Every structure is written in structure tokens, then in C-alpha cells.
Amino acid sequence: MAPLTLHLIGPVAVAGPKGARLTPRGMRARGALAVLGTARGMRMARGRLQDLLFSDRDPVQGNASLRQLLREIRLALGTHREALISGPGWVGLDPDLIAVDLDGAVGPDGQRPDFAADLDIPDPEFEDWLRDARLAAEARQPEPDDALPDLWLADPVPGGDQAALMARMILAEAAGRAADLMPVTVWETTQPPARASIRIGAMARIDAQTLSVVVTLTHARSARVLATQRLASPLDQMGARMDQMVGRCCLAMVQALDQGRGLAGGMLSLADVFSFTPDRLARADRMLRRLDDRIAPAVSLSLRAWIRTTHAYERLTPDPAEAIAEAADLSARARRAAPFHATALAVHSVIEAWLDHDAAALGLAQQAVLVDPANPMARLAWSRALAGVGRMAESAAEAQMGLAQPLSGLNPANWHLGIGVAMMRAGDLDAATRHLDAVHRLAPDNRPALRFLAALRFARRDEEGALRALMALRRLEPDFTLDLMGSEGYPVDSLRRLGLLQVARSRLI
């Protein structure tokens with residue numbers, strides 16, 4: 001790998017080892033680098049380069065100006081000055097020492113910057129060349145990358161060997177958890193990956209028997225800081241706090257990936273996967289389908305299966321059975337790719353629960369938790385499966401513990417829904433209503449919560465509250481009626497079994 005990189009999309013810049021900035025300050029010097037970087041073989045006749053940059057000066061003065069400009073480039077390159085090479089009548093860049101980046105990356109505004117965007121040299125010859133070069137760069141613009149940025153684990157900057165080792169353990173486990181939830185690639189290298197990446201760096205030290213770690217997640221190409229995380233724990237409490245620290249780092253990585261997807265050109269968001277809105281679910285499924293089996297197939301296929309279970313549970317499709325059949329097919333492919341992957345097992349459990357195969361759902365969820373006790377989808381499936389076999393107190397306790405974990409921030413509405421349903425089945429309607437209210441606040445488009453709220457509020461003689469829930473449900477389901485709610489095909493079996501479906505005969509709407 002060449003030690004230097006000449007970036008020509010966006011501002012012209014020369015990057016050295018470890019990101020060292022070796023860019024000359026003068027605009028004409030940067031213009032010369034842009035010209036040489038795009039020339040055939042990265043070489044050009046001195047006379048042609050002089051004409052492009054100094055056509056408005058007499059030949060003697062232009063030649064002197066070119067010599068000064070080349071000297072400026074060599075000074076900026078410092079110890080790498082041999083990357084600028086020359087011979088009889090020509091000047092160029094050494095391809096063994098400098099690589100040219102003509103791909104660039106989508107900027108923070110979602111747009112791809114122009115070729116040599118910072119150059120404005122008032123020379124008619126150069127202006128003509130720059131216009132043509134920008135047209136050529138635009139014509140070769142790559143298609144947007146449909147994958148998420150890679151995660152790049154950089155070495156922690158240590159305050160001592162023990163601190164560095166502990167920080168690396170936390171970051172490595174957190175990155176692994178992120179890769180269990182999203183189709184991403186994790187790298188441990190001293191150089192950045194070839195693809196767009198998020199650099200995960202840390203500074204760690206031990207002071208007064210307390211480990212302190214500052215984690216920084218940076219979009220590698222744009223140098224934009226996406227997230228920071230500060231962790232601290234007394235050394236004698238590390239065992240008890242490790243899961244929380246790893247979970248907080250994993251959540252920061254997933255959130256940074258959600259930000260970095262726009263910078264990398266992709267559009268996959270875990271927030272979309274766990275949403276309840278048809279458009280967002282369709283967007284997530286479209287991106288996962290484009291990824292196909294290229295990156296972490298067990299994860300991408302499982303997430304696509306999860307989306308279809310949401311369509312079934314949320315009544316977002318006229319044929320829930322077809323959605324579940326598609327989910328089962330995707331889940332089977334995920335299991336074939338990784339038979340003991342916690343996320344794949346968890347999604348399979350959710351599918352079996354929909355099919356009323358409660359014992360199978362419980363067994364799969366239990367396997368998922370045994371494989372990875374900290375996987376949030378495994379824990380969520382386990383809580384749901386416990387409710388499916390009537391173990392309500394255990395189901396609610398599992399969901400409460402899950403809600404206390406950092407990764408519950410990925411889909412808090414699902415945890416509150418699990419607790420609410422368990423409390424409702426246990427007969428604690430007040431607690432159930434509180435948690436279902438929380439679901440509605442966190443995810444106003446969650447339909448099951450509104451069905452349960454309408455029934456529970458009516459049962460508690462809160463007709464005004466029940467009416468609000470019914471009207472909100474009608475906005476989400478234009479065909480909704482109370483007669484439909486009371487029909488056999490409508491997904492309110494839990495309410496029917498508990499004798500809480502009186503609202504369907506209320507004539508509130």
C-alpha cells in the first residue's frame with residue numbers, strides 16, 4: 001500500500017501515514033497536484049504544466065514560478081518529498097509512493113463533493129482544464145454503496161498496558177455485538193479499510209484503581225466525529241459493570257452506523273428495521289435485499305424475516321400468513337448460514353410464536369439466550385416466549401431487565417409492549433396501561449398498543465381515553481371499525497381470551 005494518498009474529490013489533500021496532513025497551502029501548488037494526479041502515468045511535460053498554471057505570465061517568469069511551486073510541494077511532503085519526481089522535460093508523482101483517490105465519499109449533507117472543490121485559479125487555461133476534469137470525474141462517479149460503513153478497531157491510546165488491554169476487550173466485544181445486529185464488517189488493522197469505515201478509537205488510563213476510557217467514533221474519510229462515549233469503573237467492580245460498558249459502546253456504534261450510512265452512501269438503518277411504519281420497513285427491507293448474502297447473511301436474512309413478522313403482528317399486510325411464510329423462508333436461510341447465531345434463533349422463535357407453536361418458540365429463544373445472553377433480540381424473544389406458555393411473571397421480569405440494558409435504546413417500544421402484555425395477562429391493568437402508554441409515546445404508529453389501550457381504558461371506565469386510542473388506530477388503519485375489532489380474524493386474541501374485548505361492542509365510534 002502506498003504510504004501517501006492524494007484525495008481529489010472535495011478539497012485537494014495529501015494524507016500521509018496515520019492521517020498526517022501533507023497538503024501544500026498554495027492553491028496553485030494544489031492545482032499542480034490535481035493536474036499530475038489525473039495525468040497519464042501521473043507524469044506531464046513541464047511546459048504543459050506551466051501553461052496550465054501560468055499561461056498569463058511570460059515564459060521566463062512562468063518557469064521560475066513553476067520551480068517555486070514544485071519546491072513548495074516538496075516542502076509540504078517533508079520526509080516523503082521523493083514522491084514528487086522529475087526527469088528531462090517532465091515532472092510527475094511516483095505511483096509507488098502516492099495513491100490517487102478519485103472516489104471520495106458522500107459529504108455530511110448527503111451530496112458528493114466536486115472534483116478539486118477548493119480550487120479557484122484565475123488562469124483561463126487552468127479553468128478550461130478544471131471544467132473538463134470535473135465533467136470527467138462526474139461521469140465516473142461510482143454508484144452509491146448500499147452497504148453500511150465498516151467498523152475499524154484502531155489501537156487504544158494507552159495510559160498503561162493494562163488500561164489498553166481492558167479498553168480493547170470492551171471495544172472488541174462491543175463491535176462483535178454490533179455485527180450480530182447489523183450486516184457490517186469489523187476490521188482490526190493499523191491502516192483504514194479500503195471501503196468507507198467508522199474508526200473506533202479510545203484513550204484509556206487507570207488512575208486511583210479506576211479504569212477510565214474515552215471512546216471516539218469517527219467517519220474515517222470525512223473525519224467527522226459521530227459519537228463519543230465516556231466509561232469509568234473501579235477495577236474491583238469491572239466484572240459487574242462490563243456488560244453495561246460493552247452495551248453502551250455497542251449502542252454508540254449502532255447509532256454511529258445510522259449516521260455513517262448517509263456519509264457512506266447507504267441507507268440501512270436499524271431504527272427503520274425496528275419501526276412500525278410501512279415506508280420505513282420497506283426502505284430497510286429494500287436495502288437488506290440489495291445486500292443479499294454479501295455481508296453477514298445470517299444477520300441480513302434474519303432482519304428481513306423480522307420485518308415480515310412486524311407486517312404480520314402490526315396488520316400491515318392483507319395476508320399475514322403470507323408474510324409469516326416469507327419470514328419462515330428467510331429465517332431458514334439464515335439458520336443454514338449460521339445455525340447457532342443468536343439473532344437468527346431469536347427471529348425463528350418469534351415466527352414460531354406467531355404460528356402458536358409456543359413450545360418450539362420457547363426452546364429456540366432459550367437457545368438464543370444460551371448462545372448470547374446479552375443479545376437484545378434473544379432476550380426479547382425469550383420474554384415473548386415465556387408469555388406464550390403462561391409464565392407471565394418471568395416474562396415481565398425478563399422484559400424489565402431488558403429495558404434496563406443500554407441496547408434497549410434500539411427498540412424500547414418492544415420492551416414496554418412485552419411488559420404491558422405480561423402485566424395485562426397477569427391481571428394488573430394499571431401497570432399494563434402505564435407500559436402501553438409508554439409504547440404509544442415512543443412509537444405512535446404501533447398498532448397493537450393502541451388496540452390494547454382502547455380495551456384497557458374502556459375496561460377501567462375511561463371512555464374518553466378509549467376513544468382517543470380508537471381514533472388513533474383508525475388513522476393508522478383506515479378500514480378499522482369496532483365490528484372488525486370484534487371479528488375472529490382481527491389480531492386481538494389475547495383480549496378475547498382475557499374477557500377484555502367489551503370495547504368492540506361499545507359503539508364509541
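A charge is taken to sit over a ring if NZ of Lys or CZ of Arg is within 6 Å of the ring centre and within 35 degrees of the ring normal; the views below are drawn from a predicted model.

**View 1. Arginine charges over tryptophan rings.** R43 places its charged end over the ring of W90, at 4.0 Å from the centre of that ring. In another example, R199 lies over the face of W152, with 5.7 Å to the ring centre.

**View 2. The aromatic pair of F274 and W306.** This pair is one of five aromatic pairs that the structure holds. The ring centres of F274 and W306 are 5.6 Å apart and their planes stand at 85°, an angle over the 60 degrees required, so the pair is classed as edge-to-face. Because F274 belongs to the loop between helix 7 (270-273) and helix 8 (278-291), whereas W306 belongs to helix 9 (residues 297-313), the pair ties together parts that are 32 residues apart in sequence. Both F274 and W306 are buried.

**View 3. The aromatic pair of F480 and Y490.** With ring centres 5.9 Å apart and planes at 55°, F480 and Y490 make a pair that is tilted. F480 lies in the loop between helix 18 (463-476) and helix 19 (482-485), and Y490 lies in the loop between helix 19 and helix 20 (493-497), so that the pair links parts of the chain ten residues apart. F480 and Y490 are both buried.

View 4. L53 is placed in helix 2 (residues 46-54) and counts as buried because its relative accessibility is 0%. Leaving aside residues up to four places away in sequence, L53 touches R28, G31, A32, L69, I121, D123 and F126. The C-alpha atom of L53 is separated by 7.3 Å from that of E125, although these two residues are 72 residues apart along the chain.

How values were computed. Residues are numbered from 1 along each chain as its sequence is written. This is a predicted model: local features need pLDDT of at least 70, side-chain atom pairs count only at pLDDT 80 or more; totals for chains, interfaces and linings use all residues. Side-chain values use heavy atoms; hydrogens and water are left out. Rings of Phe, Tyr and Trp (its six-membered ring) pair if their centres lie within 6.5 Å; planes under 30 degrees apart count as stacked, over 60 as edge-to-face and the rest as tilted. Helices (H or I, at least four residues) and strands (E, at least two) are DSSP runs, numbered from the N terminus. Buried means under 20% relative accessible area, exposed over 50%, partly exposed in between (1.4 Å probe, protein chains only). Contact means heavy atoms within 4.5 Å.
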